[in-house]
Amino acid sequence: MIGPLNSATASHRTSRNIAVAIAFLGSIFPALGQQAFQTLLVGLDHRPVTSLNGDWHYLVDQSPARALYLENGAINDKSYAMNEHPNLVGSHNEEYDFSTAPTLNVPGDWNTQIPQLFNYEGVVWNQRDFNAQPKPGTRSFLHIGAANYRSHVWVNQKRVCDHEGGFTPFDCEVTSVLHPGTNFVVIAVDATRLIDGIPSVGYDWFNYGGLTRDVSLVTVPNAFIDDYDIHLSHGPAWHPGNTELTGYVHVLGAAAGTPVTIDVPEAGAKITVKTDADGRAPFSVKATRLTLWSPESPKLYKVRLTSGIDELTDDIGFRDIRVDGTGILLNGKAVFLKGINVHAEAPVRGGRANNDQDVATIFSYVKELNANFVRLCHYPHDERMERAADRDGIMVWSEIPNWQHISFDKPEVYAKDVTMLKEMIRRDRNKASVILWSVSNETPNNPIRTKFLTGLANEARQLDSTRLITSALNSEHIEGSAATLNDPFADALDVIGVNEYIGWYTGRPENADTMQWILPQKPVIMSEFGAEAKYGNHGADNQRWTEEQQANVYKHQLVMLGKIPQLRGIAPWILIDFRSNTRNIPKLQDGYNRKGLLSEDGQKKQAFFILQRAYKDNTVGNAE
Ligand code: GCU
């Protein structure tokens with residue numbers, strides 16, 4: 001058992017480990033380093049689009065799902081994808097018909113819309129017609145905000161893309177298959193759990209299937225802005241007077257030397273640069289007047305990007321986030337993260353959260369709690385969440401779902417993970433509210449896992465060197481009143497998340513009072529703690545499942561947390577009770593994880609007020 005790590009050995013060990021990890025991964029997965037990255041149009045929610053939300057016909061393709069998978073597992077392009085109709089007279093042909101099939105609402109999971117499909121984890125086909133008037137000199141993409149878990153997309157009988165991952169967006173080019181007038185799209189979504197999936201087969205949330213986020217059609221000029229990164233320059237040290245905006249704009253289909261203008265009128269920053277041979281135009285420009293984004297002043301600027309006839313205006317905040325020893329500095333000032341975990345489940349109505357009302361309700365609770373931070377667990381949420389966090393000044397932890405056991409020994413799984421990480425970072429890199437990228441939650445402390453995740457943490461750093469890399473660890477060893485975290489993966493992280501359940505899974509609530517934490521000399525976020533309580537269930541404060549016991553756990557936790565010198569934030573588990581079909585105590589759980597501070601229909605439990613008070617009075621932890 002080695003003692004707590006000091007930063008010098010930690011950073012030396014970090015760089016040596018990283019070098020080893022890259023060499024190791026590079027040697028094993030040279031060819032498999034990257035899976036084909038689907039196109040992903042950045043800032044799409046700030047472009048005019050044709051929404052394809054609404055009623056879609058659906059057909060269920062029960063296992064073995066032969067309409068989707070051929071005997072050899074290959075995708076069947078010749079069945080439901082063709083969207084044909086059965087001959088009512090003449091020879092026998094197809095035995096399916098979308099046009100007379102029932103409908104469900106997109107965006108939306110099928111589980112909470114169709115009672116017979118509540119627990120269905122298989123293939124559902126979705127179809128709708130749509131009108132398009134393709135114009136010369138333009139390209140068109142079908143945008144899917146998210147589809148859980150694997151999806152295959154056909155437009156006018158042509159397969160245009162396939163995607164794996166239930167929580168990140170993808171765009172499928174349809175320029176060559178569109179025609180004027182009525183077109184149709186068919187999307188098969190398979191929510192079957194996969195051992196080599198991300199997440200793998202076991203996880204503690206409900207496996208909502210379907211087209212769970214917005215679907216739209218977007219048309220852009222032949223050369224258009226598909227990606228950009230606009231941020232406050234981020235040197236090795238914080239400079240109070242820094243007003244330099246920097247980054248790049250990528251113009252897909254642009255010839256080298258194509259002009260690109262970045263204009264932030266309110267900040268007095270404007271520059272025109274030229275694309276290189278790959279369509280990328282790096283830039284730096286000083287703003288003459290700049291208010292940095294923070295919870296106290298969540299200032300967003302209109303940023304107008306133009307190149308040729310393409311134009312896009314995004315709302316972007318500028319801020320600096322970094323660590324300094326065991327401190328987290330926002331715009332050079334030490335900050336304490338008063339947080340809460342949030343699952344992407346719609347309060348009250350249930351199902352996947354995916355519209356403005358869901359997001360507004362969730363953020364109203366977060367603000368009522370006096371929180372300044374949310375951990376969006378355990379997967380990227382609807383982009384509306386980050387937009388709301390940007391507007392409301394709520395800092396965000398965003399995570400890819402490497403939840404507990406993943407096939408860490410599989411190169412193809414590593415490749416999927418890198419793609420998912422890229423999708424997450426690409427969609428939200430211009431969101432000032434996002435300060436932390438997390439690559440995992442509660443994974444087993446062994447060398448294969450550590451190398452896998454260290455590789456991912458490095459990938460994240462290379463993709464975005466302006467944010468902090470973290471993960472939620474639960475590899476601490478608790479013995480008596482000593483809790484020691486000695487996990488080599490912590491070396492690869494800027495900020496360490498720790499999950500603990502003293503008073504619920506481990507020991508009694510009061511054990512927390514005397515618990516001594518032995519942690520690396522890095523900023524620490526207690527990324528999970530809590531207890532279950534059924535709203536309205538009352539009893540003694542040591543009677544489990546009661547609001548009193550949950551409140552009691554919080555009281556003792558807050559005592560313990562205040563004594564941890566490296567603690568720079570907390571995110572109790574969790575804001576709202578959420579569905580999980582591993583939670584089956586009748587009358588108490590009924591298919592819900594009851595660690596919420598609010599019930600699934602928005603009823604506040606006693607513990608809500610304890611945390612609300614602590615955050616109001618800033619009695620939890622110290623920023624410095
Ligand atoms: C874990 C895990 C969560 C889970 C929670 C619980 O720590 O990260 O996903 O829901 O504990 O057991 O309630």
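Me: Why is D229 called buried?
Reply: This is a predicted model. D229 has a relative accessibility of 10%, and buried means under 20%, so D229 counts as buried. The residue lies in strand β11, residues 224–232.

Me: What makes the pair D229 and H231 a polar contact?
Reply: The side chains of D229 and H231 are joined at 2.7 Å. The cut-off for a pair of N or O atoms is 3.5 Å, so the pair qualifies as a polar contact.

Me: Which residues is D229 in contact with, leaving aside its neighbours within four places in sequence?
Reply: They are T246, G247, Y248, F283, R429 and N430. Contact here means heavy atoms within 4.5 Å.

Me: How do you know that the span of helix α2 is close to the expected one?
Reply: Helix α2 covers residues 356–368, which is 13 residues. The expected span is 1.5 Å times one less than the number of residues. For α2 that gives 18 Å, and the helix reaches 18 Å from its first C-alpha to its last.

Me: What makes N355 a cap of α2?
Reply: A side-chain oxygen of N355 lies 3.0 Å from the backbone nitrogen of Q357. Polar contacts are counted within 3.5 Å, so this pair falls inside the cut-off. The capped end is the N-terminal one. After α2 comes N370, with a positive phi near 65 degrees.

Me: Which residues of α2 are buried, and what do they pack against?
Reply: The buried residues are D358, V359, T361, I362, F363, Y365 and V366. They pack against β21 (337–342), β22 (373–376), α3 (383–392) and α7 (606–616).

Me: What makes a set of residues a nonpolar core, and how many residues has the largest one?
Reply: The residues must be buried, of a listed nonpolar kind, and joined through side-chain atoms within 4.5 Å. The largest core has 78 residues, and W517, M526, I570 and L575 have the most contacts inside it. Helix α4 (residues 411–428) gives the largest share, 7 residues. Another core, of 49 residues, lies apart from it and includes A67, Y120, F170 and V215.

Technical notes. Residues numbered from 1 in each chain as written. Predicted model: local features only at pLDDT ≥ 70, side-chain atom pairs only at ≥ 80, totals over all residues. Heavy atoms only, no water. Helix = DSSP H or I, 4+ residues; strand = E, 2+ residues; numbered from the N terminus. Buried < 20%, exposed > 50% of the residue type's maximum accessible area, 1.4 Å probe, protein only. Polar contact = N/O pair within 3.5 Å; in protein donor to acceptor, adjacent residues only side chain to side chain.
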